[in-house]
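This briefing is intended for use alongside the sequence and the three-dimensional view. Please have both open while reading.

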Amino acid sequence: MDHPRSGVHYPRSTGEFQAWFRTDADCLDYLEWLRWPAGFVCPDCGYAGGWRLGDGRLECARCQARTSTTAGTVFDRTRTPLTVWFTACWLFATQKDGISALRLQRALEIGSYQTAWAMLHRLRSVLVRPGRDRLAGTVEVDETYIGGEEPGLRGGRARGKKVLTGIAVEVRAPRGLGRCRMAPLADASAASLHAFVADHVEPGATVVTDGWQGYRGLDRLGYVHDRRSQRAARARGDDPGELLPAVHRVASLAKRWLLGTHQGSVDEAHLLSYLNEFVFRFNRRRSRSRGLVFYRVLELAVGHEPVRYQDLIANPQPRAVPPTPPQAHGNPPSLERPPANRPWRTADQVSSG
Ligand SMILES: [Zn+2]
């Protein structure tokens, strides 16, 4: 949907969120509407039309294929009830800086850290929209090391490995930042840097870089290359570290976010998904409605192939310090909330009677 409306297509407030999604069935119906706003379309044959079976699944009227609303989405094959998923999405979307797995575990009253950790990773996995627009206009590009920091240790002792990360940021005239993109790089070679720019910046854009030789040749890829030399800056008496203020601003925000929300506990294997979350948040930093961000996350989630826990922990890096996902799979109870019958009154009756 191009122009979803608050209070109709997504909740305006936490109160409205709670009123709309009281049961797992409410959540399932919302997902069904998000996935098929104009009615069921068979994912197997593309036929528009079918009927609902007794178990809630939908059957195609042409090929008889049976499908569930969550099949093929990140909610597929999880034992986590949808009320828990929706609350996680709401917290993920409405907390300005996001939420850590530990805080999510506590907020959802689920027993397993692993479940909370895997839910957040599934949500992160949907945040990169396939075929999304590349950056345009004037774009600063640089590379920096990210990750591996550990807070609270004097002398900045590093744990884990820092990962060379490409950063691209739109610069708006006369001042201000537009959208950004970030991605790990294999190295700072011309091949890696050219591929990063081609993936994230629209040809025709003006690409501003420092004097590093790996950026030479961008003009041959269809960019206007504005190369800023550190040596020339020094000769002018300028701070060479301020040649690319936009990427340095975004890099420091990203590092602060990793240290703040995630306590720096981000391992190399999952850095990309954290960077995707940061970029998603940064590019929506001016969104006035957090409910709309919630809607966008769910919209991406229902259009996405499922991510299995095995995929998430593929190539796990050995690490000395928790948190690593615990071994036991959690099976959190639904967050369906039946009327509580005003326990403050009931308690009085019990004590007086
Ligand atoms: Zn079909």
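The model is predicted: local features need pLDDT of at least 70 and side-chain atom pairs count only at pLDDT 80 or more, whereas totals for chains, interfaces and linings use all residues. Residues are numbered from 1 along each chain as its sequence is written, and side-chain values use heavy atoms, with hydrogens and water left out.

- T80 counts as buried because its relative accessibility is 10% (buried means under 20% relative accessible area, exposed over 50%, partly exposed in between, with a 1.4 Å probe and protein chains only).
- Leaving aside residues up to four places away in sequence, T80 touches W85, T115, M119 and P332 (contact means heavy atoms within 4.5 Å).

**Packing of α3 and α5**

- Helix α3 (residues 82–94) and helix α5 (residues 113–125) have axes that come within 11 Å and cross at roughly 65°; axes are lines fitted to C-alpha atoms, for helices over the stretch in contact, and angles run from 0 to 180 degrees between N-to-C directions.
- On the α3 side, V84, W85, A88, C89 and F92 take part, meeting M119, L120, R122, L123 and R124 of α5.
- The residues of this contact comprise eight nonpolar, no polar and two charged (Ala, Val, Leu, Ile, Met, Phe, Trp, Tyr, Cys and Pro count as nonpolar, Asp, Glu, Lys and Arg as charged, and the others, Gly among them, as polar).

**Zinc site**

- The zinc ion has C42 (SG), C45 (SG), C60 (SG) and C63 (SG) as protein donors, lying 2.3 Å from it; donors are N, O and S atoms within 2.8 Å of the metal (3.2 Å for Na, K and Ca), and water is not among the atoms, so sites may look incomplete.
- The arrangement is tetrahedral because the four donor atoms subtend angles of 104 to 116° around the zinc ion (four donors count as tetrahedral if all angles lie between 85 and 135 degrees).
- The spacing of the donor residues in sequence is C-x2-C-x14-C-x2-C.
- C42 is buried, at 3% relative accessibility, whereas C45 is partly exposed, at 28%.

**Backbone features**

- Most residues other than glycine have a negative phi, and most peptide bonds are trans.
- Q64, in the loop between β2 (58–60) and β3, has a positive phi near 65°.
- E109 has a positive phi of about 55° and is exposed, at 55% relative accessibility.
- A173 and P174 are joined by a cis peptide bond, with omega about 0°.

Terms used: Four donors count as tetrahedral if all angles lie between 85 and 135 degrees; four count as square planar and six as octahedral if opposite donors are over 155 degrees apart and all others between 65 and 115; anything else is irregular. Helices (H or I, at least four residues) and strands (E, at least two) are DSSP runs, numbered from the N terminus.
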